[in-house]
Amino acid sequence: MHEMSYVVRFVNLALQKAQENRAVRVRSLTVSVGEMTDIVPEYLHKYYPEAVSGTIMEGSALKVEVIPVRIRCAGCGEVYHPEKGNAYACPVCGDSAGEICGGRGMQLTALEMETEDG
Ligand SMILES: [Zn+2]
């Protein structure tokens, strides 16, 4: 399962940010996952406790936001969410030669932490 490596990567990134902010504890980590990726959010949740074990993130909550796919139409420039019902074509002009412009990859979007001075 590649989700474990994603979790480890984001936990490390979060720990680095927490350290930069002199956090003593992390309450929650929020990541956004593109709808186009093959990352399964429930696996992220499954591996998270293991990945944060023994760190200042232990016991924190993982929040996963799924970002919908966006396509920019090659014909008219419309940005839309592809629907199976119309074969993922542009709802404005019917062109299906669009380019994916959102909903890919995974990003760290928020980190809720506690610092020494409260
Ligand atoms: Zn179009």
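So, R72 stands opposite V79 in β4. Strand β3, residues 70-72, is joined to β4 by 2 bridges, and the two run antiparallel. A strand here is a DSSP run of E with at least two residues, a helix is a run of H or I with at least four, and both are numbered from the N terminus. Two strands pair if DSSP finds at least two bridges between them.

A quick word on what you're looking at. This is a predicted model, where local features need pLDDT of at least 70 and side-chain atom pairs count only at pLDDT 80 or more, while totals for chains, interfaces and linings use all residues. Residues are numbered from 1 along each chain as its sequence is written.

Back to the sheet: 3 strands make an open, antiparallel sheet in the order β4-β3-β5. Its edge strands, β4 (79-80) and β5 (99-102), each pair on one side only.

Now, the largest nonpolar core. This is a set of buried Ala, Val, Leu, Ile, Met, Phe, Trp, Tyr and Cys residues joined through C-beta atoms within 7 Å. It has 16 residues, and L29 is among those with the most contacts inside it. Two or more residues come from each of α1 (3-20), β1 (23-34) and α2 (41-52), and β1 gives the largest share, 5 residues.

Why is R27 called partly exposed? Because 13 other C-beta atoms lie within 10 Å; buried means 20 or more, exposed 12 or fewer, and partly exposed is in between, with C-beta atoms placed from the backbone. Leaving out residues up to four places away in sequence, R27 touches S60, A61, E112, M113 and E114, where contact means backbone-placed C-beta atoms within 7 Å.

Conventions
Contact = placed C-beta atoms within 7 Å.
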